[in-house]
Structures are given as C-alpha cells and as structure tokens.
Amino acid sequence: MNKRTLAELAIGSALVAGTNLYWRRREQAVRDGLTTSRKRQESGGFQREEVRAAEEAADALNTRPADLPEKVEALDEKVRKLNHDLDSLRKRWVDTWWSARMQQPIDPSEPHVLSITLEEGTLSDAEAFGERTAMDEWGIAIITAHADSTFVITVGEELSDEFGAADLAQELSDRAGGGAGGDDHYATGGDVEELQAGSQYVRDQLEEKIE
Amino acid sequence: MSSELELRPLTDDRISEWETFVENSERATVFHTLGWLTAVETEFGYEPSHALAYEDPGDDPVAIVPGFTVGTIGGTIIVNPFCEYGFPLVAPDSDDVRVLSRLADDLGFLETRILKGVEWSGVKGYNEAGFGGVRTGVSPRLWLDRSYEELWNRSFEKQIRTPVRTAEDRGLTVSEGTLDEFYSLYLQTMRRLGSPPFPESFFETLSTGLEDAVTPIVAYLSGKPIGSILLLEWGEQTIMWGNGSLEEYWSYRPNQLLYARCIERACDRGQSVVDFGRTRYGTGVHEFKSHFGAVDCELTSFVTPPHRVREASVDQYDKLKPITRRLAPLITHPTIGPKLKRMIHE
C-alpha cells in the first residue's frame with residue numbers, strides 16, 4: 001500500500017467520521033429542541049390568579065408562598081396524626097363506656113369505691129376522668145391508665161376527712177412501684193410496675209374500711 | 001383543510017394595518033411597534049423582513065411577525081434582535097399553528113427563523129409547527145393589581161425594603177434624567193461586565209421613534225448620577241430594559257431605590273405590569289429581582305428548522321464571559337462595541 005492510498009484512506013475515514021459526527025449532533029439538536037418546544041406547548045406558566053391564591057394561602061398559614069409545600073406537608077402530617085388520635089380515642093371511649101355499663105350500679109349517696117381501668121388509656125385520659133370523679137362527693141375513684149402505667153386517685157368531699165388522695169396514691173406506689181403525689185382530693189402517679197395489682201390492693205383496703 | 005395563509009412583507013402601504021394590529025392586540029409589546037423596528041433598522045442596518053399573514057387578500061391580517069434578516073456564517077437568520085419578546089402577534093380567533101407552519105414553509109435553503117416566545121404571548125403551537133425550542137432565561141414580571149403601598153408591604157421582601165430605607169436615609173434622590181446620564185452609567189456597567197454596548201445613537205433614535213415611551217430614571221447622590229434605569233413604558237407595560245450604576249456607590253443602594261421608584265411610578269401611571277427584563281435563572285441578578293415579588297416568566301426562543309436550534313442559544317455568551325471581561329476595553333470601545341453588538345444581535 002503506497003502513501004497515496006494511505007492518504008486517501010485517511011481522508012475518506014475523516015470524511016466519514018466528520019459526516020457521522022455532524023448528523024449525530026444535528027439529530028441531538030433536533031431532539032433537544034423539539035423536547036423543549038413540546039414542554040413549552042404543554043405548560044401555561046403561572047397565571048396571576050394562581051399566584052394571588054398562593055399568596056392568600058400563605059398569608060392564612062403565616063408563611064411565604066415559597067414555603068407553602070413544606071407548610072402544607074407539615075399540616076397534612078398533623079391532620080393524619082390527629083385523625084389517628086381521634087380513632088384511638090373513640091375506641092377507648094367505647095371500651096370505657098362498655099366496661100362501666102357492665103359494672104354494678106352504685107348509690108351516689110353512700111360511700112363507695114370506683115375502679116376504672118383504661119386498658120389503652122394514658123395519663124391524659126385518666127386525668128379527664130379524674131376531673132369528673134372528683135365531683136362525686138361520696139366516692140373514691142382509682143383510675144388506671146395502662147398504656148403508660150399511670151394512675152389518678154380522687155377522693156370526694158364527704159370522705160376527704162377520713163381518706164387523703166395523696167396518701168392512697170403513695171400507698172399504691174409503695175405497693176406496686178413508681179412515684180406519686182397530690183393533695184387530699186386529687187393525686188397522680190406514674191412508672192408503676194404492677195398497676196393492676198397495686199390498684200386492686202388499694203381498692204380492697206378501702207372497701208374493708210368503708211364497710 | 002383550510003387554504004394556506006398568504007405572507008406579505010411590511011411595505012409603506014401596509015404600515016397602518018401593522019399599527020392597527022399592534023394597537024388592538026392585548027399581547028403586543030414595545031418590541032412590536034414601528035418605533036422599535038425603525039430604530040433597529042436605522043442603527044444596525046439589518047434588512048427588514050417583517051411579515052403580515054392574511055387569510056384572503058383584501059381582508060385584515062390575521063398575524064404580524066416582526067423580524068430582520070441577519071447574516072451569519074453559512075446562512076441568514078430572521079429574528080427580532082436585542083429584545084425579549086420577538087414573538088408573532090396572532091389574532092385571537094386565528095390558528096397559531098397555521099401561522100407558524102406558514103412561516104416555517106416560507107424559509108429559503110440556508111435561512112433560519114428565530115421567534116422569541118414567552119408563556120403569556122398567546123402563541124403556543126410551536127412544537128406542532130415543527131419549531132425547536134431553546135430556553136434563554138426568565139423575565140420576572142410584577143403584576144400591578146395592588147397599590148404601591150400593598151406591594152411594599154406584601155410583595156417586597158426585607159432584602160429590598162431595608163436597602164431602600166438606607167438609600168433614602170443616605171440622601172439619594174430619584175427622578176427622570178437624560179439619555180446622556182443614562183448612557184454614561186450604562187457604558188461603565190457594560191465595561192465592568194465585558195459586554196458590547198449599544199451605541200448611544202440607538203437610544204436617541206429609539207427615544208425619537210417611541211417618543212414618551214423611553215424614559216431614563218436616574219438616582220442621584222448630591223447631584224451626581226450614580227445609577228440609572230431605562231424604562232420602556234408602552235401600553236400597560238413598563239419594561240426595565242437597560243440599567244447602569246457605579247460600583248463604588250453600591251453601598252448607597254441606588255439599584256434597590258431605583259427599582260422601587262420605577263415600580264411606584266408604574267403604579268401611579270396605572271400600568272398593569274412591570275417587566276424586569278431577561279435574566280439568567282439562579283444568578284445574583286435574578287435573586288435581586290425576585291425579592292420584589294415578581295413572578296418568573298420563562299423565555300424560549302423557537303427555531304425553524306429545528307436542527308439549527310443552537311443558533312438561538314445564549315449559553316455560548318456565558319461561556320465567553322471570563323474572556324470578554326478581560327477584553328472589556330476592546331469590546332466596549334465606542335467603535336468596535338456597536339459592531340460586535342450588530343454581529344451577535346443579542
């Protein structure tokens with residue numbers, strides 16, 4: 001193969017490579033260009049009404065329009081949690097109502113001991129019950145919340161000379177573990193290891209004394 | 001299938017049709033006016049290739065398309081140069097795809113047509129008509145459907161309000177200035193950026209052609225001009241089209257004060273929108289403009305034939321910035337600068 005043939009081959013190869021490169025670049029340009037024009041055809045841009053609506057929403061949520069997605073996401077999460085809490089609360093309320101329905105009726109004008117067990121309840125639930133049972137003048141209530149091992153004890157006005165809520169709570173805590181505190185009418189406790197047994201013990205003691 | 005549209009060049013006997021079309025179009029901008037087109041033709045000597053599209057001879061046009069034929073290496077480009085909005089104006093009841101397809105069919109072998117589009121132009125059928133697109137930046141726009149006081153309180157961010165107060169406290173004043181004052185500041189800014197400037201005569205011609213629509217607004221410190229914006233106030237739009245400032249006075253915040261005053265002026269004049277001009281997305285300038293509460297409108301240049309889409313790209317100029325800044329004295333020379341400007345037509 002002489003020099004001329006080699007040169008011709010080199011030129012030919014360069015021409016083929018150049019042509020190939022040109023067409024590839026051209027094809028790429030067409031593809032990119034048409035993609036961009038298609039996207040533009042599909043998008044309408046922001047309308048003034050849309051922007052103003054976003055601004056109003058941001059004002060209502062006390063944030064900036066740019067932070068709306070983050071704010072809405074946080075709100076959505078909060079709503080989901082509240083919905084979950086509501087479902088849980090509804091179930092606990094039904095369980096509690098059913099449990100109360102199945103107990104013996106009491107005479108509110110005679111000294112009595114009430115034991116309320118909230119299997120899935122927390123201290124907040126027990127406190128809500130406690131606010132109500134505290135109004136029961138002739139009653140002592142022991143409310144146990146097993147979801148977080150807490151309890152509330154209330155002593156009605158007519159029995160508070162004889163029994164102190166804080167003393168009863170301390171007694172339960174000494175017996176079943178954890179800590180407690182309060183006053184003559186209302187006391188709470190937590191971190192109780194043997195909640196069921198402890199509350200039963202206090203209840204038995206009280207019933208003996210009342211009888 | 002309807003018959004093909006007829007394209008006719010803008011000649012003296014069609015000037016009134018063009019002007020009427022522009023006046024009656026809600027989407028028209030100052031860049032569609034004869035004042036703008038004449039100034040570009042006069043100062044840069046491009047061959048006018050403006051066209052009117054007709055359904056039937058004798059009827060009113062259904063579209064007008066501004067454009068100049070600009071020579072490039074290995075062909076010619078038809079484009080409305082130096083502006084953000086070189087899109088066709090199409091009558092509301094007409095099919096934009098037909099207009100665009102007709103424009104594409106009308107091209108010669110080595111001709112390229114670039115149409116500078118924007119979302120609110122009302123023209124969307126570029127893809128269907130076979131145009132390729134290339135993004136060229138964004139144009140932040142502030143709608144003036146609120147009073148200036150409301151804009152100040154609700155739209156302007158503290159990054160604007162605080163510097164504006166600073167500028168006022170330091171004694172800066174803003175008022176209408178002269179083209180000479182604007183041009184001096186503009187030229188210094190172009191030198192700083194290493195960007196070819198328009199010749200001063202272009203602004204003078206533009207001012208003559210557009211009359212009251214061209215207004216330089218200047219910020220003064222003890223009577224000395226330290227910043228300026230050129231406003232194009234046409235129709236219901238105010239476009240902040242050119243600006244310049246002295247870097248050594250930036251601590252006085254002339255630019256924030258100028259922009260705020262221009263917006264206040266537009267509110268007082270009953271304009272419906274302030275356009276901040278083309279900006280590259282994500283740059284410091286873009287961030288500055290966005291603090292005024294403006295909404296970005298994406299700018300796209302549409303090109304036919306689509307394989308020449310790179311002709312409309314502005315990326316190449318960004319890549320050249322490190323070099324052009326070094327060559328600024330040459331690039332911005334009063335003789336060389338305008339010639340370069342004519343060549344790059346951006």
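# Briefing: chains A and B

In this predicted model, 25 residues of chain A are in contact with 28 residues of chain B. Putting the two chains together buries about 2300 Å². Carbon and sulfur atoms give 50% of that area. Arg40(A), Gln41(A) and Arg52(A) supply 31% of what chain A buries against chain B, more than any other three residues.

**The interface**

- The size of an interface is often given as the accessible area lost when the parts come together.
- Two salt bridges are found across the interface of chain A and chain B.
- One salt bridge pairs the side chains of Arg146(B) and Glu55(A), at 2.4 Å from N to O.
- Between chain A and chain B, 12 residue pairs are in polar contact, with both residues at pLDDT 80 or more.
- On chain A, α1 (3-42) and α2 (48-60) each supply at least two residues of the side that touches chain B.
- The most comes from α1(A), which gives 14 residues to that side.
- What classes of residue make up the side of chain A that touches chain B? There are five nonpolar, nine polar and 11 charged residues.

**Two helices with a buried side**

- An α-helix has 3.6 residues a turn, so residues three or four places apart point the same way.
- In helix α4 of chain A (residues 123-133), the buried residues are Asp125(A), Ala126(A), Gly130(A) and Thr133(A).
- These four lie on the same side of α4(A), because they cover an arc of only 140 degrees around the axis.
- Ser124(A), Glu131(A) and Arg132(A) are exposed, on the face of α4(A) turned away from its buried side.
- What do the buried residues of α4(A) pack against? Their partners in chain A are α3 (68-101), β1 (112-118), β2 (139-145), β3 (150-155) and β5 (186-190).
- In helix α1 of chain B (residues 15-24), Trp18(B), Phe21(B) and Val22(B) are the buried residues.
- Their arc around the axis is only 95 degrees, so they sit on the same side of α1(B).
- Glu23(B) and Asn24(B) are exposed on the other side of α1(B).
- The buried residues of α1(B) pack against α2 (34-44), β3 (51-54), β4 (63-65), β7 (89-90) and β12 (224-234) of chain B.

**Buried residues**

- Leu52(B) lies in strand β3 of chain B.
- Why does Leu52(B) count as buried? Its relative accessibility is 0%, and buried means under 20%.
- Leaving aside neighbours within four places in sequence, the contacts of Leu52(B) include Leu7(B), Leu10(B), Trp18(B) and Ile64(B). Trp18(B) is also one of the buried residues of α1(B).
- The C-alpha atoms of Leu52(B) and Pro66(B) are separated by 8.7 Å, and the two residues are 14 residues apart along the chain.
- Lys116(B) is in strand β8 of chain B (residues 111-118).
- Is Lys116(B) buried or exposed? Lys116(B) is buried, with a relative accessible area of 4%.
- The side chain of Lys116(B) reaches the backbone oxygen of Cys83(B) at 3.1 Å.
- Beyond neighbours within four places in sequence, Lys116(B) is in contact with residues including Phe82(B), Cys83(B), Tyr85(B), Thr300(B) and Glu346(B).
- Lys116(B) and Leu299(B) are 183 residues apart along the chain, while their C-alpha atoms are separated by 7.3 Å.
- Ser173(A) lies in helix α5 of chain A (residues 165-176). Ser173(A) is buried, with a relative accessible area of 5%.
- Not counting residues up to four places away in sequence, Ser173(A) touches Gly178(A), Gly179(A) and Ala180(A).

**Backbone details in loops**

- A cis peptide bond joins Thr304(B) and Pro305(B), with omega about -5 degrees.
- Pro305(B) is in the loop between β15 (295-304) and α10 (315-326) of chain B.
- Asn62(A) is not a glycine, and its phi is positive, near 55 degrees.
- Where is Asn62(A)? Asn62(A) lies in the loop between α2 and α3 of chain A. Asn62(A) is exposed, with a relative accessible area of 73%.
- Arg253(B) has a positive phi too, of about 60 degrees.
- Arg253(B) is in the loop between β13 (237-245) and α8 (254-268) of chain B. At 35% relative accessibility, Arg253(B) counts as partly exposed.

Notes. Residues numbered from 1 in each chain as written. Chains lettered and ligands numbered in written order. Predicted model: local features only at pLDDT ≥ 70, side-chain atom pairs only at ≥ 80, totals over all residues. Heavy atoms only, no water. Contact = heavy atoms within 4.5 Å. Buried area = accessible area lost by both parts, 1.4 Å probe. Salt bridge = Lys/Arg side-chain N within 4 Å of Asp/Glu carboxyl O. Polar contact = N/O pair within 3.5 Å; in protein donor to acceptor, adjacent residues only side chain to side chain. Nonpolar A, V, L, I, M, F, W, Y, C, P; charged D, E, K, R; others polar. Buried < 20%, exposed > 50% of the residue type's maximum accessible area, 1.4 Å probe, protein only. Arc of directions from axis to C-beta.
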